[in-house]
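Hello,

Here is the structure I promised to pass on to you.

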Amino acid sequence: MRTARMLGRALLISVVTVSPLAIPASSGAVSAAAAATDYYVAPGGDDGAAGTQAAPWATIAHAQAVAQPGDTVYFRGGTYRYTHANTSCTSQTGRVDAITLNKSGSSGSPIRYWAYPGENPVFDFSGMTDDCRIKGMDLTGSWIHLKGLDVTGVPQNNSLNHESWGIWISGSNNTFEQINTHHHMGPGLFIQNGGDNLVLNTDSHDNYDLNSSNGAGENADGFGAHIPAGNPGNVFRGCRAWWNGDDGFDLISAYSSVTIENSWAWRSGYVPGTTTAAGNGTGFKAGGYGGDYDAGAVKHTVRTSVAFANRASGFYANHHPVANDYFNNTSYGNHPDFNMLGVDSSGADVGRGNLRNNLAYTGTLTSNMTGTSAAYNSWNLGITLSDAQFQSVSTSGWDAPRGADGSLPVLPNLHLAENSTLIDQGVDVGLAYKRQAPDLGAFEAP
């Protein structure tokens, strides 16, 4: 197998303990790693306790007050319920947090807030009564690693605001791994600021902003990144977004490049679990600035990802002024599958996008392609597509449980059949492939 250069930063998943005899005592970094401590929080715990496994604390707020860079805080299974924010609403359009994580770790020594192995800690914000905009978890710190947490239920308690948020991020170098964020009245996970944040193997689903001031369903995305300039390196990898009232992934108003890879989006744009229309309904909305030309536009990358059964586009340029890279994606049954509507410096509509090795099947295949750089895609090659090209074209089962390591479930859905004529039809774009040339779509054939 040919291998591509790995992108993004490596995950630190354990603390390496080094013998003090092997390293001089003046090595502060190693001393800090060796001194790292594990703490425990549990429903029914006591913040006056020792924070040990036998005597756990009760709250993440207390854990943050004690934890230092390199420490790990384990959350035992059960429900952590929140009924009010940690500050008062200054007005009905003010913003408050249920949880504020503002203490930073450091490079090589993040502060870790992890689910205890094999258990499911649920942070439930559905009982919050604050009459303003609510952030369930607000991460303003950097070098923080959340793993295995279930975050649910952030409400909108009036109709004066666009949305609330499940997880709001404005720090840098954070990792969000195996998070399940869902049933919020707004986006499940939203990057407002900061760079080099990694969202890994995370699900965001069933988010619906019933009380939005500009219309129900208009703002509840699965994932969003609306970051200012100077904050590169934000990556969504191995993520799933489904049954979100607006879009699956939304990069509108992002002035720093974002990469989305190996991710899936489906059933966007509906009231969750129904066929009732809600918001925009795009699987992957890769940029745009409200329909206007913007000289500060940056290029985003969407690759090895799948969009299907969304109410509108599978992959959408959203009036983006520059050409994003769309490589090795699969779009099935969207309307259209690939919509490359861009805008030029005069404000005129034009196609924008670099498209290679993409696969579009059923629905409406493409729109606004004039002006794009599109080659080696299924619609360029004259290949006759049919269900027989795939192991399965089922739209069911995509929400199956993940692997023990958080990886996406192994499914036959939209994977190429062994004899598919879509095999070896692509061109090398720097991604891994198995045979003479890349296959078309998100999945290399076996």
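Below is what turned up, starting with confidence and going on to rings, charges, a cavity and some backbone details.

The stretch to be careful with is residues 1-33, where pLDDT stays under 50. The model does have 39 contacts beyond four places in sequence for that stretch. Where pLDDT is low, predicted coordinates should not be read in detail.

Now to the aromatic rings. Across the whole structure there are 29 aromatic pairs. One of them joins Phe75 and Phe123: the ring centres are 5.5 Å apart and the planes stand at 70 degrees, so this pair is edge-to-face. Phe75 belongs to strand β2 (residues 72-75) and Phe123 to strand β6 (residues 121-124), so the pair ties together parts that are 48 residues apart in sequence. Both Phe75 and Phe123 are buried.

Tyr255 and Tyr289 make a tilted pair, with 4.7 Å from centre to centre and 40 degrees between the planes. Here the partners come from loops: Tyr255 from the one between β19 (249-250) and β20 (258-261), Tyr289 from the one between β22 (284-285) and β23 (301-303), so parts 34 residues apart in sequence are tied together. Tyr255 is partly exposed, with a relative accessibility of 28%, whereas Tyr289 is buried at 8%. There is also an aromatic cluster, made up of Phe223, Phe236, Phe249, Phe284, Phe315, Phe338 and Trp379.

Two charges sitting over rings may interest you as well. Arg76 places its charged end over the ring of Tyr116, 4.0 Å from the ring centre.

Which residues does Tyr116 contact, beyond its neighbours within four places in sequence? They are Tyr40, Gln53, Tyr74, Phe75 and Arg76. Tyr116 itself is in the loop between β5 (111-115) and β6, and with 22% relative accessibility it counts as partly exposed. Its C-alpha atom is 8.2 Å from that of Gly148, a residue 32 places away along the chain.

The largest cavity holds about 30 Å³, and its lining consists of Cys132, Arg133, Gln156, Asn157, Asn158, Asn161, Glu163 and Ser164.

A few backbone details are worth a look on screen. The peptide bond from His335 to Pro336 is cis, with omega near 0 degrees, and Pro336 is in the loop between β27 (330-332) and β28 (338-339). His319, in the loop between β25 (315-316) and β26 (325-327), has a positive phi near 65 degrees although it is not a glycine.

Leu414 is another non-glycine residue with a positive phi, near 60 degrees. Leu414 is in the segment after β34 and is buried, at 3% relative accessibility. Ser392 is placed in the segment after β34 (373-375) too, and at 19% relative accessibility Ser392 also counts as buried. Leaving out residues up to four places away in sequence, Ser392 touches Pro412, Asn413, Leu414 and His415.

Technical notes. Residues numbered from 1 in each chain as written. Predicted model: local features only at pLDDT ≥ 70, side-chain atom pairs only at ≥ 80, totals over all residues. Heavy atoms only, no water. pLDDT = per-residue confidence, 0-100. Contact = heavy atoms within 4.5 Å. Phe/Tyr/Trp six-rings, centres within 6.5 Å; stacked < 30°, edge-to-face > 60°. Helix = DSSP H or I, 4+ residues; strand = E, 2+ residues; numbered from the N terminus. Buried < 20%, exposed > 50% of the residue type's maximum accessible area, 1.4 Å probe, protein only. Lys NZ or Arg CZ within 6 Å of the ring centre and 35° of its normal. 1 Å grid on protein atoms, 1.4 Å probe; cavity = no way out; pocket = protein on both sides within 12 Å on 5 of 7 lines; lining within 4 Å. Points joined across faces, edges and corners; volume = space filled by probe spheres on them.
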